[in-house]
Amino acid sequence: MITVWGGQTSRSIRVAWVLDEMNLPYRVRQVDMQDPEFLAVNPADYIPAIQDGDVIMVESIAIMEYLMARYGPTPLAPAPHDPNFAAYQQFLHLGEAGLATLMMPVVVSRFIAPETER
């Protein structure tokens, strides 16, 4: 069974979504960043992380690509020879590579910063 280390407000949601769409068995472990079991799996303290047998991974996009490649094929990911593959790759990575950087100041200043600094 695949273990997804994360929480409901983290990027682990996208990993769980792929697992659901692919009908793969998994469990979500809510993360306490001081949990010795979590730190043994992931000493860098990143979420999400997965444990799939001997495979341990962090970084949600890499995890999703791993799951689709390892347990596919799946209609979620076009094959490399598919004409839609380039667009799929571009949009899969766009959120992290381009949009996340631009959105972070908005998210932090609106939702995470102390109320007096919003």
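**Figure 1. Lining of the second largest pocket in the predicted model.** Helices α1, α3 and α4 each supply at least two residues of the lining of the second largest pocket. The largest share of that lining, four residues, comes from α1. The lining is made up of Arg-14, Trp-17, Val-18, Glu-21, Ile-61, Met-64, Met-68, Leu-76, Tyr-88 and Leu-92. By type, these lining residues divide into eight nonpolar, no polar and two charged. The volume of the pocket is about 230 Å³. The model is a predicted one.

**Figure 2. Overall arrangement of the protein.** Four helices and four strands are present, and along the sequence they follow the pattern β-α-β-α-β-β-α-α. Of the 118 residues, 32% count as buried. The accessible surface comes to about 7,800 Å², and carbon and sulfur atoms account for 59% of this surface. Among contacts between residues at least 6 apart in sequence, 52% join residues at least 24 apart.

**Figure 3. The largest nonpolar core.** This core has 18 residues, and those with the most contacts inside it are Val-15, Leu-19, Ile-50, Met-64, Leu-67 and Met-68. Two or more residues come from each of β1 (2–6), α1 (12–21), α3 (60–71) and α4 (85–112). Helix α3 gives the largest share, six residues.

**Figure 4. Surroundings of Met-64.** Leaving aside neighbours within four places in sequence, Met-64 is in contact with Arg-14, Val-15, Val-18 and Leu-92. Met-64 is among the core residues with the most contacts inside the core, and Met-64 also lines the second largest pocket. Of the contact partners, Arg-14, Val-18 and Leu-92 are likewise among the residues of that lining.

**Figure 5. Two cis peptide bonds.** The bond from Ile-47 to Pro-48 is cis, with omega near 0°. Pro-48 lies in the loop between α2 (36–41) and β3 (49–52). A cis peptide bond also joins Gly-72 and Pro-73, where omega is about 10°. Pro-73 is found in the loop between α3 and α4.

Figure 6. Asp-45 has phi near 70°, a positive value in a residue other than glycine. This residue sits in the loop between α2 and β3. Asp-45 has a relative accessibility of 28% and therefore counts as partly exposed. Glu-59, also not a glycine, has a positive phi near 85° and is placed in the loop between β4 (55–58) and α3. With a relative accessible area of 40%, Glu-59 is partly exposed.

Technical notes
Residues numbered from 1 in each chain as written. Predicted model: local features only at pLDDT ≥ 70, side-chain atom pairs only at ≥ 80, totals over all residues. Heavy atoms only, no water. Core = buried A, V, L, I, M, F, W, Y, C linked by side-chain atoms within 4.5 Å. Buried < 20%, exposed > 50% of the residue type's maximum accessible area, 1.4 Å probe, protein only. Contact = heavy atoms within 4.5 Å. Areas by Shrake-Rupley, 256 points an atom, 1.4 Å probe, with all protein chains shown as cover. 1 Å grid on protein atoms, 1.4 Å probe; cavity = no way out; pocket = protein on both sides within 12 Å on 5 of 7 lines; lining within 4 Å. Points joined across faces, edges and corners; volume = space filled by probe spheres on them. Nonpolar A, V, L, I, M, F, W, Y, C, P; charged D, E, K, R; others polar.
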